[in-house]
Amino acid sequence: MNPLDIGMRIKETRIRMGRTNAAQFARDVGIQPHTLWRYEAGQTRPGIETAAALARELKVSMEWLLTGEGRGPDVDPTEKKAGIA
């Protein structure tokens with residue numbers, strides 16, 4: 001579990017969902033904004049309870065959040081048609 005990979009999955013999924021206000025997203029998850037920044041920057045990785053909360057908020061499986069395998073973010077059908085996904 002590389003913290004940088006986890007952080008990239010968190011940030012990319014959050015932004016893709018339109019959750020560009022990182023501070024508000026952090027509050028919705030129940031963590032401090034600086035904690036979210038540390039996760040997204042790959043400085044540290046979330047504990048099990050926080051990972052579960054992040055996965056719920058991002059609508060992905062905790063397995064995907066931590067490993068990149070499992071149920072990831074839903075792909076917009078228009079992205080598939082455009083060859084983006």
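A53 lies in helix 4, where helices (H or I, at least four residues) and strands (E, at least two) are DSSP runs, numbered from the N terminus. The structure is a predicted model, in which local features need pLDDT of at least 70 and side-chain atom pairs count only at pLDDT 80 or more, while totals for chains, interfaces and linings use all residues. Residues are numbered from 1 along each chain as its sequence is written, and side-chain values use heavy atoms, with hydrogens and water left out.

**Overall composition**

The protein chain comprises six helices and zero strands, and its pattern along the sequence reads α-α-α-α-α-α. Of the 85 residues in the chain, 31% are buried; buried means under 20% relative accessible area, exposed over 50%, and partly exposed in between (1.4 Å probe, protein chains only). The chain exposes about 5300 Å², of which carbon and sulfur atoms supply 50%. Accessible areas come from the Shrake-Rupley method with a 1.4 Å probe, and for residues only the protein chains shown count as cover. Among contacts with a separation of 6 or more, 49% are accounted for by residues 24 or more positions apart, a contact being heavy atoms within 4.5 Å.

A53 is buried, with a relative accessible area of 11%. From A53 to G30 the C-alpha to C-alpha distance is 7.8 Å, although the two are 23 residues apart in sequence. Besides A53, the buried residues of helix 4 include T50, A51, L54, A55 and L58. The cover over the buried residues of this helix includes helix 1 (3–16), helix 2, helix 3 (33–40) and helix 5 (62–67). After helix 4 comes K59, which has a positive phi, near 60°.

Helix 2 (residues 22–29) and helix 4 (residues 48–58) have axes that come within 9 Å and cross at roughly 115°. Here axes are lines fitted to C-alpha atoms, for helices over the stretch in contact, and angles run from 0 to 180 degrees between N-to-C directions. The crossing of helix 2 with helix 4 is right-handed; a crossing is left-handed if the near helix is turned anticlockwise from the far one by less than a right angle, and right-handed if clockwise. On the helix 2 side, F25, D28 and V29 take part, and they meet A53, L54, E57 and L58 of helix 4. By class, this contact has five nonpolar, no polar and two charged residues. In this classification Ala, Val, Leu, Ile, Met, Phe, Trp, Tyr, Cys and Pro count as nonpolar, Asp, Glu, Lys and Arg as charged, and the others, Gly among them, as polar.

**Helix 1 against helix 3**

The axes of helix 1 and helix 3 come within 7 Å, with a crossing angle of roughly 115°. P3, G7, M8, I10, K11 and R14 in helix 1 meet L36, Y39 and E40 in helix 3. This contact of helix 1 with helix 3 has five nonpolar, one polar and three charged residues. K11, found in helix 1, is partly exposed, with a relative accessible area of 38%. K11 and L36 are 25 residues apart in sequence, and their C-alpha atoms are 9.1 Å apart in space.

**Salt bridges**

Side chains of opposite charge can pair when their charged atoms come close. The structure holds three salt bridges, a salt bridge being a side-chain nitrogen of Lys or Arg within 4 Å of a carboxyl oxygen of Asp or Glu.

| Salt bridge | N to O distance |
|---|---|
| R14 and E40 | 2.8 Å |
| R19 and D28 | 2.3 Å |
| R19 and E57 | 2.9 Å |

The closest N and O atoms of R14 and E40 are 2.8 Å apart. Since R14 lies in helix 1 and E40 in helix 3, the pair ties together parts that are 26 residues apart in sequence. R14 is buried at a relative accessible area of 4%, and E40 is buried at 12%.

The residues R19, D28 and E57 are linked in a network of salt bridges. R19 meets E57 at 2.9 Å, N to O. R19 lies in the loop between helix 1 and helix 2 and E57 in helix 4, so the pair ties together parts that are 38 residues apart in sequence. D28 is partly exposed, with a relative accessible area of 37%, and E57 counts as partly exposed at 22%. D28 and E57 are also among the residues through which helix 2 meets helix 4.
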